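Follow the strands and helices of this structure in turn.

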Amino acid sequence: MTGPLLEFRNVVKRFGGVTALDDFSMTLDQSEILGLIGPNGSGKTTSFNVLTGIYGPTGGQVFFEGQEITGADPRAVYEAGIVRTFQRSRLCLPLSIYDNIMIGDTSRLVRGLWSNLISRRGLQEQLDMTRRQARDLVATFSGHLADRMDQPVGTLPMIERRRIEICRALISGPRLLLLDEPSAGMTHDETHQLMDDILDVRARGEGLSIIIVEHEMGVIERITDRCIVLSYGRKIAEGTYAEVAADSEVQNAYLGAD
């Protein structure tokens with residue numbers, strides 16, 4: 001593939017008289033980690049919602065792997081290879097680690113009711129395969145979690161729940177992972193551990209790209225290759241963390257001027 005993996009071209013999103021994204025353009029390369037930062041209400045999560053089909057854009061275009069996906073529904077976006085996590089946990093707490101992860105890849109279990117009744121051996125083989133794959137994925141984050149695949153996620157601490165959420169996103173083998181404030185609700189040490197996990201996932205991911213929305217600037221500084229700063233839906237700066245942190249407009253809008 002030539003060109004960027006992802007491209008927003010002059011994307012606009014309005015809610016009545018409120019403009020959440022204002023002529024927003026960005027690109028993302030294969031294997032890149034891009035940080036989206038900015039004050040609350042600056043359009044960061046809105047950009048994720050437009051990309052994943054939760055919101056349709058008011059104007060502009062979105063391209064992924066050279067194909068236009070503007071206005072595609074969430075299922076089509078998922079099938080194209082784009083997945084996400086959310087700031088607030090979306091896990092089903094009474095369900096097991098395994099069950100929560102496999103919610104992220106329901107397309108793998110494509111057998112219908114009658115097929116399952118007729119070919120129970122085939123169903124069992126498919127279930128055994130998905131369980132091995134889910135366990136192997138969890139083991140890349142935590143060996144002890146991989147040994148407790150039947151444990152309800154409601155019994156786990158926040159960092160382990162975040163790991164399960166990321167595993168659920170990754171089980172389908174995506175090309176692009178969107179992380180919306182993964183450090184929310186965690187301690188500094190837990191955040192540091194999770195960032196180690198994310199860097200390890202990217203290293204193992206064979207071309208996996210990541211966009212991360214995050215308010216913890218230490219996280220952005222540590223793991224991103226490039227940052228985009230949003231303010232009132234507009235891009236006000238782009239570059240490495242050091243470059244955008246030194247930008248006077250960014251300091252006034254977000255980081256705080258001296």
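Strand β3 (residues 33–37) and strand β9 (residues 226–231) run parallel and are joined by 4 bridges; two strands count as paired if DSSP finds at least two bridges between them. L34 has R226 in β9 as its bridge partner. Strands here are DSSP runs of E with at least two residues, helices are runs of H or I with at least four, and both are numbered from the N terminus. The model is predicted, so local features need pLDDT of at least 70 and side-chain atom pairs count only at pLDDT 80 or more, while totals for chains, interfaces and linings use all residues. Residues are numbered from 1 along each chain as its sequence is written, and side-chain values use heavy atoms, with hydrogens and water left out.

Both strands belong to an open sheet of 6 strands with mixed pairing, in the order β6-β7-β8-β3-β9-β10. Because β6 (82–84) and β10 (234–239) at the edges have a single partner strand each, one side of each is left without a neighbour in the sheet. From one strand to the next the twist averages 20°; axes are lines fitted to C-alpha atoms, for helices over the stretch in contact, and angles run from 0 to 180 degrees between N-to-C directions.

The other open sheet has 4 strands in the order β2-β1-β4-β5, with antiparallel pairing. Its edges are β2 (18–28) and β5, each with a single partner strand, so one side of each lacks a neighbour in the sheet. Strand β1 (residues 6–15) pairs with strand β4 (residues 59–64) over 5 bridges, and F8 has V62 as its bridge partner in β4. β4 then pairs with strand β5 (residues 67–68) over 2 bridges. In this hairpin 2 residues lie between the strands, and E65 takes a positive phi near 50°.

Helix α1 (residues 44–51) lies across β1, β2 and β4, at about 110° to β1. α1 also lies across β3, β6, β7 (176–180), β8 (209–213) and β9, at about 145° to β7. Contact means heavy atoms within 4.5 Å.

Helix α8 (residues 188–204) has 17 residues. Its buried residues (under 20% relative accessible area, with exposed over 50% and partly exposed in between, for a 1.4 Å probe and protein chains only) are E190, T191, L194, M195, D197, I198 and V201. They cover an arc of only 155° around the axis, which puts them on the same side of α8; the arc is that of the directions from the helix axis to the C-beta atoms. On the other side of α8, H188, D189, A203 and R204 are exposed.

Technical notes: The expected span of a helix is 1.5 Å times one less than its number of residues.
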